[in-house]
Each structure stands twice: as C-alpha cells, then as structure tokens.
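Please consult both while reading.

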Amino acid sequence: MTHPATTPSSPPDMAALAECLAAWFAPWVQDLGLAVVSHGDGEVTLRLPFSDRLARVGGMVCGQALMAAADTAMVLAIVTRLGTRQPMTTVQLNTSFLKPLSGQDALVTARVVRAGKSLVFGEIDIVAAGDGKSVCRASTTYALL
C-alpha cells in the first residue's frame, strides 16, 4: 500500500487527501463514497452522499454512517495539521445527533482544536448539504502512536 508523501513543510493537497481516503481506510468506509470538498490547516470537509444503503426507516441516514464519516474526516484534518502520515487511534468520539438527515448529502467538517505531542482534540460539524442545517456535532480525542 502506498501513502502520499508529505512533510510538515508541505501539507497534503486535495489529491493527496483523496489518495488517503482510498488507501488508509477499511473497504466498508470507502463504500460510504466520501469525497474531499475542501481543506486547510487542521480542517477538512468531506461530502457523504445520500444512499438508500445508508438510510433506515423513513429515509433517515443512520447514525453509524454519520459517525464513521466524522471519524474519517477528523483523521484527514489531523493529517493536514501534522503534514505527515502518523499512526493514530481514536480514543473518544462523543456524538450528539441534532436532527434527522433525510434524502440529502451531508457535509462533514472536521477541525483540529489542539494538537499536542501525544493527543489531538477535534470538533466535527455535520450539516445537510441541501439546506445547510446542522444535523450532528461531535468532539473527538485521538492518540498519536
């Protein structure tokens, strides 16, 4: 498996982040169809396309899909801050579902709040792509290995 080569002086670009999505995550996460929409230092926005496969009764996107998208976006946000691939693991993911997401894509924006030597703290906001309404908020802690 190849990994995009980046250094702290050259943060990853859109192509490198897209390659990360394809190379670093489990096949079922890749099946979510996540795509990088934008990025900056310590921030990434992904699009989670609506799919009947992700919906439960009433056409609502299931929480498991939203949480997986949030976790994935945060990993990429950390990469934009660190400028390099570094082994890490999720320590904590606290999620609040604010309203159902039905029949539309989601935009998942992850932001690094603080990056230390061994822990990284972040926040994620998930909004409905069609109307911009917030559907989910999450806070995370990652351990750098």
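## Model and confidence

The structure is a predicted model, in which local features need pLDDT of at least 70 and side-chain atom pairs count only at pLDDT 80 or more, while totals for chains, interfaces and linings use all residues. Residues are numbered from 1 along each chain as its sequence is written, and side-chain values use heavy atoms, with hydrogens and water left out.

The pLDDT, the predictor's confidence in each residue on a scale from 0 to 100, has a mean of 92 over the chain, and 93% of the residues reach 70 or more. Over residues 1-9 the pLDDT is below 50, yet this stretch has 18 contacts in the model beyond near neighbours in sequence. Contact means heavy atoms within 4.5 Å.

Two packed helices are described by the angle between their axes and the distance between the axes. Helices (H or I, at least four residues) and strands (E, at least two) are DSSP runs, numbered from the N terminus. Axes are lines fitted to C-alpha atoms, for helices over the stretch in contact, and angles run from 0 to 180 degrees between N-to-C directions. For α1 (residues 14-24) and α3 (residues 63-82), the axes come within 11 Å and cross at roughly 130 degrees. The two helices are therefore oblique to each other; angles under 35 degrees count as roughly parallel, over 145 as roughly antiparallel, 65 to 115 as roughly perpendicular and the rest as oblique. The crossing of α1 and α3 is right-handed, a term used if the near helix is turned clockwise from the far one by less than a right angle.

On the α1 side, L17, C20, L21 and W24 take part, meeting T72, V75, L76, V79 and T80 of α3. By class, this contact has seven nonpolar, two polar and no charged residues. Here Ala, Val, Leu, Ile, Met, Phe, Trp, Tyr, Cys and Pro count as nonpolar, Asp, Glu, Lys and Arg as charged, and the others, Gly among them, as polar.

A65 is located in helix α3. Not counting residues up to four places away in sequence, A65 touches L32, L48 and L54.

C62 lies in the loop between β2 (43-48) and α3. C62 is buried as well, at 16% relative accessible area. Leaving aside neighbours within four places in sequence, its contacts are L54 and R56.

## Buried residues in the strands

T140 belongs to strand β6 (residues 134-144) and is buried, with a relative accessible area of 2%. Beyond four places in sequence, T140 touches M74, Q92, L93, V120, F121, G122 and I124. The C-alpha atoms of T140 and V75 are separated by 10 Å, although the two are 65 residues apart along the chain.

M88 is placed in strand β3 (residues 88-97); its relative accessible area of 19% makes it buried. Its contacts, not counting residues up to four places away in sequence, are V75, I78, Y142, A143, L144 and L145. M88 and L21 are 67 residues apart in sequence and 15 Å apart in space, C-alpha to C-alpha.

Notes. Buried < 20%, exposed > 50% of the residue type's maximum accessible area, 1.4 Å probe, protein only.
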